[in-house]
Amino acid sequence: MAEAHVVHSVDRRLGGARLAGLVTDLAGERPGYRALAQAVRTLLLDGRVPLHTRLPAERELATALGVSRATVTAAYDLLRDSGFARSRRGASTWTELPEGRRPASVAAFPVGDGVIDLAVAAPPAPQAELSAALAAAAARLPEHAPTAGYHPYGLPELRAAVAERFTRRGLPTLPDQILITTGAQHAISLALALLGRPGDRALVENPSYPNALDAIRRAGLRATPVPVTDAGWDTDLVESTLRQAAPRIAYLVPDFQNPTGALMGREQRVRILQAARATGTWLLVDETIADIALDVPPPAPFASLAPHGAAEQVVTVGSLSKSHWGGLRIGWVRAGSRLITELAMARVPSDMATPVIEQLVALHLLEGMEATLHARIASLRASRAALAAALARHVPEWRWQLPPGGLSLWVDLGAPVASAVARAALGQGVRIEGGSRFGADPGTHEHRLRIPFTLPPRQCDDVAARLAAALASGLEAPAGAPLPGDWVA
């Protein structure tokens, strides 16, 4: 087991110049050994330096930083003593986390009436539109009742409607390039199972959507993380990771990334498309939140920027969960028609088809989607402003950036106490998961909370007050192993 761990570590090597650039952002031009060690710890906990990464040789880092080798040696000793690094005699030094830094789940499912559930970043249903859609679906159901009702590809009319929406957004799409699934999570799992094999590498963002990370692990893929910070993606690092690791699949959330809210720029998308094409990497692009554009125009589909012939290498998933309602389990895959056929065949053993009645509801909702989105975005803007104002009043020491879209704030607590805050918050009637739940490397992002702004504005002050009360209650380090199956959406 130990040998496999070391082999995996060698796959990740951090160059001296790159680490020096990251360190000087935090510790200044010529850091002392304590400042250097603290900067490396911060980078590790923030996910900007992955776990099990081989650190630069002492002489190499000293040269890059313009400090003495003794300074780097003392910093590495301090990192090893505090459990943030490990090494063997005569061998390299790798990043690590000390015992007790692993994430602890709050609860497997929401508990008790009156608990405010902030582990789920999804808005409630638009009631009037949903009622109208249910009535319209009921009126059309007799057309389908005489049939067997199984549609592994999805209802033809819904496939056509989803394809037409992609076309209007700037990506010409035919109905046979669409597969209707039982939610976006189903689409992600199907694509991973078909495109990857156990042991293949999968490039993932760090932090990222927990359920997708879980699906990657369950598929037996080896996650290769690249950081997403408040400033977004480091495109050079993404390109170099694609070249060096040559992952089979890259899972990306370029539109209002979950949980950071970052929006990937056009030039970044083009460069990543080109790099993935060169390495033969499938791009699994999650556009579930793409419609929730609060301050910017809705982005065009990622695949619309692909050079001729490269769009076949992009698999796009989406759903109505964030734009409309998570209780309506309707998602889709957009890919080449041959791959769509393979995905449809692969779904049958476990999920023969998505329910017809729900597809008919989705068809009606898509017809009035622009009006629904207009109202939804106005509501989310108001909730975002109310939550930001409430947090500023009750926990002024916390920091965040207002995202240009999406459904949540990625809040920096200023200290690695997120799991403890989450446990204390449960006692205040708030269920929330610490930032570690979103980390590709377990134990990172312990200084972060994802706080959705999907509640009505009038509830935001109460939420912030409860979180402040949790923070003031006296935080205890989480005990025990993580609970299985913690629920995040």
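The side chain of Gln177 reaches the backbone nitrogen of Leu174 at 2.8 Å. This distance, like every other value in this report, comes from a predicted model. Gln177 sits in the loop that runs between α7 (156-168) and β4 (178-181). With a relative accessibility of 12%, Gln177 falls under the 20% limit and therefore counts as buried. Leaving out residues up to four places away in sequence, Gln177 touches Arg159, Pro172, Glu312, Val333, Arg334, Ala335, Ser337 and Ile340.

**The chain as a whole**

The chain has 489 residues, and 53% of them are buried. Its secondary structure consists of 16 helices and 14 strands. Among contacts with a separation of 6 or more, 77% are between residues 24 or more positions apart.

Pro123 belongs to the loop between β3 (116-117) and α6 (127-144). Its relative accessible area is 5%, so Pro123 is buried. The C-alpha atom of Pro123 is separated by 9.5 Å from that of Pro456, although the two are 333 residues apart along the chain. Apart from neighbours within four places in sequence, the residues in contact with Pro123 are Ser321, Lys322, His324, Trp325, Arg376, Leu407 and Thr454.

**Two helix pairs**

Two pairs of helices are described here. In the first, the axes of α3 (residues 33-45) and α5 (residues 69-81) come within 8 Å and cross at roughly 50 degrees. The two helices are therefore oblique to each other, and their crossing is right-handed. On the α3 side, the contact is made by Tyr33, Arg34, Leu36, Ala37, Val40 and Arg41. On the α5 side, it is made by Thr71, Val72, Ala74, Ala75, Leu78 and Leu79. Sorted by class, this contact has nine nonpolar residues, one polar residue and two charged residues.

In the second pair, the axes of α14 (residues 369-394) and α16 (residues 457-472) come within 8 Å and cross at roughly 30 degrees. Angles under 35 degrees count as roughly parallel, so α14 and α16 are roughly parallel to each other. The crossing of α14 with α16 is right-handed. From α14, the residues involved are Ala382, Ser383, Ala386, Leu387, Ala390, Leu391, Arg393 and His394. They meet Pro457, Cys460, Asp461, Ala464, Ala465, Leu467 and Ala468 in α16. By class, the contact of α14 with α16 has 11 nonpolar, two polar and two charged residues.

**Helix α9 and its surroundings**

In α9 (210-218), the buried residues are Pro210, Asn211, Ala212, Leu213, Ala215 and Ile216. These buried residues pack against α8 (184-195), β5 and β8. Just after α9, Gly220 takes a positive phi of about 80 degrees. In the loop that leads from β5 (201-206) to α9 lies Pro207, and the peptide bond from Asn206 to Pro207 is cis.

**Backbone angles in the loops**

Most residues other than glycine have a negative phi, and most peptide bonds are trans.

| Site | Feature | Angle | Loop |
|---|---|---|---|
| Asn206 to Pro207 | cis peptide bond | omega near 10 degrees | Pro207: between β5 and α9 |
| Asn258 to Pro259 | cis peptide bond | omega near 20 degrees | Pro259: between β8 and α11 |
| His445 | positive phi | about 65 degrees | between β13 and β14 |

With a relative accessibility of 1%, Phe256 counts as buried.

His445 lies in the loop between β13 (430-431) and β14 (448-452). His445 likewise has a positive phi without being a glycine. At 1% relative accessibility, His445 counts as buried.

Key. Residues are numbered from 1 along each chain as its sequence is written. This is a predicted model: local features need pLDDT of at least 70, side-chain atom pairs count only at pLDDT 80 or more; totals for chains, interfaces and linings use all residues. Side-chain values use heavy atoms; hydrogens and water are left out. Axes are lines fitted to C-alpha atoms, for helices over the stretch in contact, and angles run from 0 to 180 degrees between N-to-C directions. Helices (H or I, at least four residues) and strands (E, at least two) are DSSP runs, numbered from the N terminus. Angles under 35 degrees count as roughly parallel, over 145 as roughly antiparallel, 65 to 115 as roughly perpendicular and the rest as oblique. A crossing is left-handed if the near helix is turned anticlockwise from the far one by less than a right angle, and right-handed if clockwise. Contact means heavy atoms within 4.5 Å. Ala, Val, Leu, Ile, Met, Phe, Trp, Tyr, Cys and Pro count as nonpolar, Asp, Glu, Lys and Arg as charged, and the others, Gly among them, as polar. Buried means under 20% relative accessible area, exposed over 50%, partly exposed in between (1.4 Å probe, protein chains only). A polar contact is a pair of N or O atoms within 3.5 Å; within protein, one must be able to donate a hydrogen and the other to accept it, and residues adjacent in sequence count only if both atoms are side-chain atoms.
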